[in-house]
Amino acid sequence: MFDVNDAAAILLRDLHHETDKRRIAMDACLQVLRGKTHPPTARRAFVAAALEARVLRSD
């Protein structure tokens with residue numbers, strides 16, 4: 001299991017192409033870390049970016 005910090009690190013380290021989904025996911029992670037939104041928001045954005053980058057497969 002991983003948390004928002006791990007998700008942000010993956011976005012920075014493994015998703016090299018700057019796309020709208022990656023940018024939205026990074027922003028969502030930052031908003032969670034700042035206490036301005038809830039983790040499920042970042043999770044949904046992270047999953048969308050990871051699927052787009054093909055580093056996560058859908059079930």
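Helix α2 passes helix α3 in a left-handed crossing, a crossing being left-handed if the near helix is turned anticlockwise from the far one by less than a right angle, and right-handed if clockwise. Helices and strands here are DSSP runs numbered from the N terminus (H or I of at least four residues for helices, E of at least two for strands). The model is predicted, so local features need pLDDT of at least 70 and side-chain atom pairs count only at pLDDT 80 or more, while totals for chains, interfaces and linings use all residues. Residues are numbered from 1 along each chain as its sequence is written, and side-chain values use heavy atoms, with hydrogens and water left out.

**Packing of α2 with α3**

- Helix α2 covers residues 20-33 and helix α3 covers residues 39-52; the two pack at an angle of about 155°, with their axes 8 Å apart. Axes are lines fitted to C-alpha atoms, for helices over the stretch in contact, and angles run from 0 to 180 degrees between N-to-C directions.
- The angle makes α2 roughly antiparallel to α3 (angles under 35 degrees count as roughly parallel, over 145 as roughly antiparallel, 65 to 115 as roughly perpendicular and the rest as oblique).
- On the α2 side, the contact is made by Lys 21, Arg 22, Ile 24, Ala 25, Ala 28, Cys 29 and Val 32; on the α3 side, by Pro 39, Thr 41, Ala 42, Ala 45, Phe 46, Ala 48, Ala 49 and Glu 52. Contact means heavy atoms within 4.5 Å.
- The residues of this contact divide into 11 nonpolar, 1 polar and 3 charged (Ala, Val, Leu, Ile, Met, Phe, Trp, Tyr, Cys and Pro count as nonpolar, Asp, Glu, Lys and Arg as charged, and the others, Gly among them, as polar).

**Packing of α1 with α2**

- Helices α1 and α2 pack at an angle of about 150°, with their axes 10 Å apart, and are therefore roughly antiparallel to each other.
- Helix α1 passes α2 in a left-handed crossing.
- From α1, the residues Val 4, Asn 5, Ala 7, Ala 8, Leu 11 and Leu 12 meet Arg 22, Ala 25, Met 26, Cys 29, Val 32 and Leu 33 of α2.
- This contact comprises 10 nonpolar residues, 1 polar and 1 charged.

**The largest nonpolar core**

- The largest nonpolar core has 16 residues, of which Leu 11, Leu 15, Ala 25, Cys 29, Ala 42, Phe 46 and Ala 49 touch the most other members. A nonpolar core is a set of buried Ala, Val, Leu, Ile, Met, Phe, Trp, Tyr and Cys residues joined through side-chain atoms within 4.5 Å.
- Two or more residues of this core come from each of α1 (4-14), α2 and α3.
- Cys 29 is in contact with Val 4, Ala 7, Ala 8, Leu 11 and Ala 42, leaving aside its neighbours within four places in sequence.
- In soluble globular proteins, nonpolar side chains tend to be buried together.

**Individual residues in the helices**

- Val 4 lies in α1 and counts as buried, at 15% relative accessibility (buried means under 20% relative accessible area, exposed over 50%, partly exposed in between, with a 1.4 Å probe and protein chains only).
- The C-alpha atoms of Val 4 and Val 32 are 28 residues apart along the chain and separated by 7.4 Å.
- Leu 33, in helix α2, is partly exposed, with a relative accessible area of 47%. Not counting residues up to four places away in sequence, Leu 33 touches Val 4 and Asn 5.
- Arg 22, also placed in helix α2, is buried, with a relative accessible area of 11%. Beyond its neighbours within four places in sequence, Arg 22 is in contact with Leu 11, Leu 12, Leu 15, His 17 and Ala 49.
- Asp 14 belongs to helix α1 and is partly exposed, at 33% relative accessibility.

**The segment after α3**

- Arg 54 lies in the segment after α3 and is exposed, with a relative accessible area of 76%.
- Phi of Arg 54 is near 60°, a positive value in a residue other than glycine. Most residues other than glycine have a negative phi.
- Val 55 is found in the segment after α3 and is partly exposed, at 46% relative accessibility.
- Leaving aside neighbours within four places in sequence, Val 55 is in contact with Leu 15 and Ala 50.
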